[in-house]
Amino acid sequence: MRSSSTPLPSLDALKDQAKRLRARFCEDGQALSHSRALELVAAQYGFRDWNTLNAAAGNRPPFNPWMLGARVRGHYLGQPFDAQVLGVQALTGQPGRYRMVLHFDEPVDVVTFDSFSAFRQRVHCTVDETGRTMEKTSNGRPHLELEW
């Protein structure tokens, strides 16, 4: 069963995922219908079928890439932060991906060792429409997670 706390990608991103899956099967010489690809994507997200996933993804508010100067909060390398958005740009050719520059109110220690620290106050990152980076720490958590 799917965790309801994990945000879903947009419908466009989900359909694009099904399209890529179908193309990959085709490259391997295996026929896969569009509807079957949608059903497989739904199963990957823990839904019983595409219609259920479509309803769940379509009923959530769209990702807001925030405006310059906006206040955001979240976690960076597991550390909580409050920050100001200094820059945001939708990436061309990568639907649902945004390049952001954040300035933390208080520097965040990015080192987990007790023997030394390394603080960051300005971070450049690329997030998806859920406000998370694709890059993950060794425990599987995204480097940066925005809350809204």
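Q: Rings of Phe, Tyr and Trp pair if their centres lie within 6.5 Å. With that in mind, which residues form one aromatic cluster here?
A: Keep in mind that this is a predicted model. The cluster is made of Y76, F81 and F104. A search of the whole structure turns up three aromatic pairs.

Q: What makes F81 and F104 an aromatic pair?
A: Their ring centres sit 4.5 Å apart, and the cut-off is 6.5 Å, so the two rings count as a pair.

Q: Why is this pair called tilted?
A: A pair of aromatic rings is described by the distance of the centres and the angle of the planes. For F81 and F104 the angle is 35 degrees. Stacked needs under 30 degrees and edge-to-face needs over 60, so this pair goes down as tilted.

Q: Are F81 and F104 buried or exposed?
A: Both are buried, which means under 20% relative accessible area for each. They also turn up among the residues with the most contacts inside the largest nonpolar core, alongside M100, L102 and L144.

Q: What makes up that core, and which strand gives the most?
A: It has 15 residues, and β1, β2, β3, β4 and β5 each supply at least two. Strand β3 gives the most, with five. A second, separate core holds twelve residues, including L8, A18, A42 and W50.

Key:
Residues numbered from 1 in each chain as written. Predicted model: local features only at pLDDT ≥ 70, side-chain atom pairs only at ≥ 80, totals over all residues. Heavy atoms only, no water. Core = buried A, V, L, I, M, F, W, Y, C linked by side-chain atoms within 4.5 Å. Buried < 20%, exposed > 50% of the residue type's maximum accessible area, 1.4 Å probe, protein only. Helix = DSSP H or I, 4+ residues; strand = E, 2+ residues; numbered from the N terminus. Phe/Tyr/Trp six-rings, centres within 6.5 Å; stacked < 30°, edge-to-face > 60°.
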